[in-house]
Amino acid sequence: MGNRLGKLSTGPRTPRAAKTAAGVSASMAAMADSLDDFAERKLAEIASRNLTRRVQATARGPGALTMRGAKKLISFCDNDYLGLSQHPAVIEAAAAATREFGAGAGASRLVTGSNPLYDALEARIARIKGTEAALVFGSGYLANIGIIPSFVGPGDLILGDELMHACMHAGAKLSGAATHMFRHNDVDDCARLLNKHRGNADRCLVLTEGVFSMDGDRAPVGALAALAHANDGWLLVDDAHALGVINGGRGSGFDEDGRALGVDLAMGTLSKAAGSYGGYVAASRVVVDYLVNRARSLIFTTGLPPGVLAASEMALQLIEEDDELAAAPLARARTFTAALGLPRAMSAVVPLVLGDETRALEASARLAERGFLVTAIRPPTVPPGTSRLRFTFSAAHDEGDVQRLIDTILELGLAPERQPA
Ligand SMILES: *Cc1c(COP(=O)(O)O)cnc(C)c1O
């Protein structure tokens with residue numbers, strides 16, 4: 001529970017020397033616990049648990065190719081599900097907007113940073129989502145920490161899926177609302193918590209992800225919307241991994257016939273399948289107008305660079321115009337799960353849970369030796385004991401790439417034992 005907090009504990013404090021009358025040993029103690037010492041001690045602790053994280057320079061493109069130093073790797077772990085970050089039309093749109101308007105926004109959207117490109121982008125998002133309006137934030141993270149506290153606060157109730165993303169936890173915490181986690185994708189457990197806590201609260205917000213980022217499974221969006229509404233509550237769905245992939249690219253807020261499932265706040269990001277950067281929420285006009293007046297992560301931060309807005313707009317145009325494009329990641333993922341006897345993929349994300357951190361790191365290193373980039377995912381991103389390889393599939397892969405990956409995983413003995421048919 002709460003494993004997506006993205007938080008490494010600062011741990012127990014080391015006792016400091018007590019203050020003496022002269023204050024000498026107190027200042028010595030302060031010296032001994034310098035910032036560098038503190039960081040070094042914490043890093044050693046993290047390393048002892050095999051949880052060290054490093055940023056590694058990685059040059060992406062063309063396609064799914066990446067360069068790490070002199071090493072060429074095919075990436076099966078980024079979220080550029082449609083390869084649009086590398087698409088010539090998207091790149092050209094970014095370049096043209098940058099030439100026309102400059103490199104940066106210059107100010108917050110409420111001052112002079114709301115380039116006219118925002119209007120076209122928001123209109124397109126609203127059309128894709130079937131809502132009256134949409135609002136673009138600096139990132140998905142900024143969207144969630146701005147939206148959630150705008151609708152609930154102290155005295156209110158939040159119910160969230162236990163596997164929801166770190167930025168929803170952050171938004172919930174910022175809001176000050178009483179927050180309870182229901183078991184992953186368990187509508188009955190959510191109902192149980194509503195029965196228990198709804199009466200004590202004024203407003204109520206339910207939080208989930210359309211496609212879960214580390215597991216690739218999908219939320220029961222329609223059932224959660226009905227449950228939230230029956231309890232005088234609202235539903236926010238974070239569709240970071242569903243836009244561009246699910247329901248012809250429109251996301252998880254629709255049934256197979258394209259009917260809306262009743263999501264009140266359809267939130268997502270432009271930094272995954274749209275290949276660009278930025279967050280958004282699609283909702284009614286009045287909800288968007290209210291957020292412009294309340295969401296602190298919109299008001300007190302600089303607008304997105306014009307090139308980024310133009311790239312997002314072009315990417316969404318490509319998604320809307322090409323029905324085949326959005327189907328590609330799921331088709332590749334299903335080729336992969338069928339070949340390895342894994343549960344059928346529900347999205348572009350396929351986890352291979354290995355349990356132990358060391359095993360996940362080892363497996364990632366083996367795959368890198370064979371030319372595949374698949375980063376090991378460890379706590380606190382995932383619950384303890386569920387370290388994994390997280391494979392993602394993209395329209396940028398060709399079938400040969402996917403087949404070579406399958407063959408390599410079989411050779412390395414990483415696939416689970418096949419169930420007898
Ligand atoms: C990536 C992600 C975000 C954050 O989006 P950014 O635009 O990268 O800040 C939010 N929610 C989920 C579920 C994500 O996977």
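In helix H8 (residues 221-230), the buried residues are Val-221, Leu-224, Ala-225, Leu-227 and Ala-228. Viewed down the axis of H8, these buried residues fall within an arc of 165°, so they line one face of the helix; the arc is that of the directions from the helix axis to the C-beta atoms. Buried means under 20% relative accessible area, exposed over 50%, and partly exposed in between (1.4 Å probe, protein chains only). Helices (H or I, at least four residues) and strands (E, at least two) are DSSP runs, numbered from the N terminus.

The model is predicted: local features need pLDDT of at least 70, side-chain atom pairs count only at pLDDT 80 or more, and totals for chains, interfaces and linings use all residues. Residues are numbered from 1 along each chain as its sequence is written, and side-chain values use heavy atoms, with hydrogens and water left out.

The cover over the buried residues of H8 includes strand E6 (178-182), helix H7 (187-197), strand E7 (204-209) and strand E8 (234-238), where contact means heavy atoms within 4.5 Å. Asp-232 sits in the loop between H8 and E8. Although Asp-232 is not a glycine, its phi is positive, about 60°. Asp-232 is exposed, with a relative accessible area of 62%.

Helix H6 (residues 166-175) has seven of its ten residues buried, so it is largely enclosed by the rest of the structure. The buried residues in H6 are Ala-166, Cys-167, Met-168, His-169, Gly-171, Ala-172 and Ser-175. Their cover includes helix H5 (140-151), strand E5 (157-161), E6, E7 and E8. Gly-176 follows H6 and has a positive phi, near 80°.

The domain assignment gives domain 1 (59-76 + 323-411) and domain 2 (88-321); such bounds come from an automatic or database domain assignment. The contact takes 14 residues from domain 1 and 19 residues from domain 2. Taken over C-alpha atoms, the centres of domain 1 and domain 2 are separated by 26 Å.

Both domain 1 and domain 2 give residues to the lining of the second largest pocket, so the pocket lies between them. On a 1 Å grid over the protein atoms alone, a pocket is an open set of points with protein on both sides within 12 Å along at least five of seven lines, and lining residues have an atom within 4 Å of a point. The second largest pocket holds about 250 Å³ of space. Of its 18 lining residues, the closest to the centre are Arg-218, Ile-246, Asn-247, Phe-254 and Glu-256. Helix H12 (residues 323-340) gives the most to this lining, with four residues. The lining residues divide into eleven nonpolar, three polar and four charged.

In strand E2 (residues 65-68) lies Thr-66, which is buried, with a relative accessible area of 2%. Beyond residues up to four places away in sequence, Thr-66 touches Thr-58, Ala-59, Arg-60, Lys-71, Lys-72, Leu-73, Ser-75 and Leu-373. Pro-62 is in the loop between strand E1 (59-60) and E2, and a cis peptide bond with omega about 0° joins Gly-61 and Pro-62. Another cis peptide bond, with omega about 5°, joins Pro-379 and Pro-380. Pro-380 belongs to the loop between strand E13 (376-377) and strand E14 (387-392).

Definitions and conventions. 1 Å grid on protein atoms, 1.4 Å probe; cavity = no way out; pocket = protein on both sides within 12 Å on 5 of 7 lines; lining within 4 Å. Points joined across faces, edges and corners; volume = space filled by probe spheres on them. Nonpolar A, V, L, I, M, F, W, Y, C, P; charged D, E, K, R; others polar.
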